[in-house]
Amino acid sequence: MVEHWRTFIVEKDFKFISQNGLNAVRIPVGWWIASDPTPPPPFVGGSLQALDNAFQWAKKYGLKVIIDLHAAPGSQNGWEHSGSRDSSQEWGKTDETITQTVAVIDFLASRYANSPSLYAVELINEPLSPGATLSSVIEYYKAGYAAVRRHTSTAFVVMSNRLGPMKPRELFPIASGFKRSVIDVHYYNLFEDMFNNMTVQQNIDFVYNNRSSQLNYVTTSNGPLTFVGEWVAEWQVVGAGKEDYQRLAEAQMEVYGRASFGWAYWTLKNVNKHWSLEWMINNGYIKL
């Protein structure tokens, strides 16, 4: 991990981000960052220094930072990117996991509240229903919002919509009562069977029609801001050419550009070319 932190995302990457017209980075962190440098096994210390470095580079290159709590105690969705190695999903089932998560948010907000680069704190990434119940998520969002506000009145507070069975506006009742609140939605033309046999044009039409209407539904003049916090110019189409990928990326940027809080690509670097924003920019697939 030390070698990874030293080489994977470094200062020149923040310079690249700034030079290519992007203005912010959404940085995923795990809950164990709050107990760095000696987090509980099997997690290892060092991630806090990596985040500190990111804030320094963001300040140098005029970028904003969205801290995204990507892994919560007990795992909020059972997937590996939330810190679960056996698909277990225990977050929210006990008061302890919620209390512990709020403490992590309090730690992060306190540490970076005075940084000019702190733009937003995302309280949790992709809680999955029905395991993450609406009541537990709302309870946590209320406490997490209060924790951020103890340290800053200006940072936005981002609340991820649940994945799985849910109502797209289910967070509106609490989010509308919060100042500088944001609803995060993730749109992928992947991970669902309906995309398996779609053609190039059907995928692009889906973005312009279905995604557009989905985003419009959660974007209201008097409600929380909306953020397409994850999307990617990748799909299930086999044999698509460069122009096809360019059209997919362009369609998504056009539609997701209407989100009142903007969008974030997943991710900057990836071994899979189309998942790497850096590769897509350098090779002319995405023009910002």
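Predicted model: local features only at pLDDT ≥ 70, side-chain atom pairs only at ≥ 80, totals over all residues.

Colleague: OK, how is the chain divided?

Modeller: Into domain 1 (1-179) and domain 2 (193-287), with bounds from an automatic or database domain assignment. Their centres, taken over C-alpha atoms, are separated by 23 Å.

Colleague: How many residue pairs are in polar contact between domain 1 and domain 2?

Modeller: Four, with both residues at pLDDT 80 or more. On the domain 1 side, the residues touching domain 2 are 14 nonpolar, four polar and five charged. Here Ala, Val, Leu, Ile, Met, Phe, Trp, Tyr, Cys and Pro count as nonpolar, Asp, Glu, Lys and Arg as charged, and the others, Gly among them, as polar.

Colleague: And how many salt bridges across that interface?

Modeller: Two by the rule, which asks for a side-chain nitrogen of Lys or Arg within 4 Å of a carboxyl oxygen of Asp or Glu. R26 forms a salt bridge with E230, and their closest N and O atoms are 3.0 Å apart.

Colleague: What does D13 pair with?

Modeller: K269, in a salt bridge at 3.0 Å, N to O. D13 lies in helix 2 and K269 in the loop between strand 7 (262-263) and helix 9 (277-282), so the pair ties together parts that are 256 residues apart in sequence. Helices (H or I, at least four residues) and strands (E, at least two) are DSSP runs, numbered from the N terminus.

Colleague: Switching topic: which residues does a cis peptide bond join?

Modeller: D36 and P37 are joined by one, with omega about 15°. P37 sits in the loop between strand 1 and helix 3 (47-60). The bond from W266 to T267 is cis too, omega near 15°, and T267 is in the loop between strand 7 and helix 9.

Colleague: What about S87, is its phi positive or negative?

Modeller: Positive, about 70°, although S87 is not a glycine. You'll find S87 in the loop between strand 2 and helix 4 (95-112).

Terms used
Residues numbered from 1 in each chain as written. Heavy atoms only, no water. Polar contact = N/O pair within 3.5 Å; in protein donor to acceptor, adjacent residues only side chain to side chain.
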